[in-house]
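Work through the exercises below with the sequence and the structure at hand. Each task is followed by a solution in steps.

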Amino acid sequence: MDRIGLYPFVVQPYQVDFRQQITLMGLGHYLLESAGIHADQREFGLRDLLKNHKAWFLTRIAIRVDQYPRQYEKIWIETWVKEVGDVFSSRNFHILNEAKRHYAYTRRLP
């Protein structure tokens with residue numbers, strides 16, 4: 001299985017602000033959802049980990065947004081695990097428009 005996951009979403013009206021652009025909370029929802037799908041597909045998702053009394057969760061994120069997706073726009077979230085440590089792992093995201101051109105990305109915090 002490819003290490004990079006690519007997942008489509010459509011920006012819904014309840015996720016936008018008065019300018020009809022997605023809010024950071026709405027964008028964060030898609031990032032978490034894509035991370036969950038990606039982990040599930042690779043058998044280290046929450047359901048798999050709970051069997052061993054373990055879990056994963058997001059502790060922090062830094063998002064650089066160059067352009068905000070608009071209402072009803074189709075976007076793609078690309079995600080992959082960059083590093084795996086004893087306690088923490090690093091996950092990256094790219095947010096792409098329908099033509100799969102760059103909108104935003106995340107980066108690792110120091």
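**Exercise 1. The lining of the largest pocket**

Sort the lining of the largest pocket by residue class.

Step 1. The lining has 17 nonpolar, six polar and seven charged residues. Nonpolar here covers Ala, Val, Leu, Ile, Met, Phe, Trp, Tyr, Cys and Pro, charged covers Asp, Glu, Lys and Arg, and the others, Gly among them, are polar.

Step 2. The space in this largest pocket is about 940 Å³. Among its 30 lining residues, Phe57, Phe88, Ser89, Ser90 and Arg91 are the closest to the centre. A pocket is an open set of points on a 1 Å grid over the protein atoms alone, where a 1.4 Å probe fits, with protein on both sides within 12 Å along at least five of seven lines; lining residues have an atom within 4 Å of a point. The volume is the space filled by probe spheres set on the points, which are joined across faces, edges and corners.

Step 3. At least two lining residues each come from helix 1, strand 3 (74-84), strand 4 (89-96) and strand 5 (102-107). Strand 4 gives the largest share, five residues. Helices (H or I, at least four residues) and strands (E, at least two) are DSSP runs, numbered from the N terminus.

**Exercise 2. Confidence**

Find where confidence is lowest and where it is highest in the protein chain.

Step 1. This is a predicted model, in which local features need pLDDT of at least 70 and side-chain atom pairs 80 or more, while totals for chains, interfaces and linings use all residues. Residues are numbered from 1 along each chain as its sequence is written, and side-chain values use heavy atoms, without hydrogens and water.

Step 2. The chain has a mean pLDDT (the predictor's confidence in each residue, from 0 to 100) of 89, with 96% of residues at 70 or more.

Step 3. Helix 2 (residues 46-50) is lowest, at a mean of 84, and strand 1 (residues 5-10) highest, at 96.

**Exercise 3. Salt bridges**

How many salt bridges are there?

Step 1. A salt bridge puts a side-chain nitrogen of Lys or Arg within 4 Å of a carboxyl oxygen of Asp or Glu. The count is four.

Step 2. One of them joins Asp17 and Arg19, with the closest N and O atoms 2.6 Å apart. Another joins Arg47 and Asp40, at 3.3 Å.

Step 3. Arg47 is exposed, at 63% relative accessibility, whereas Asp40 is partly exposed, at 33%. The limits are under 20% for buried, over 50% for exposed and partly exposed in between (1.4 Å probe, protein chains only).
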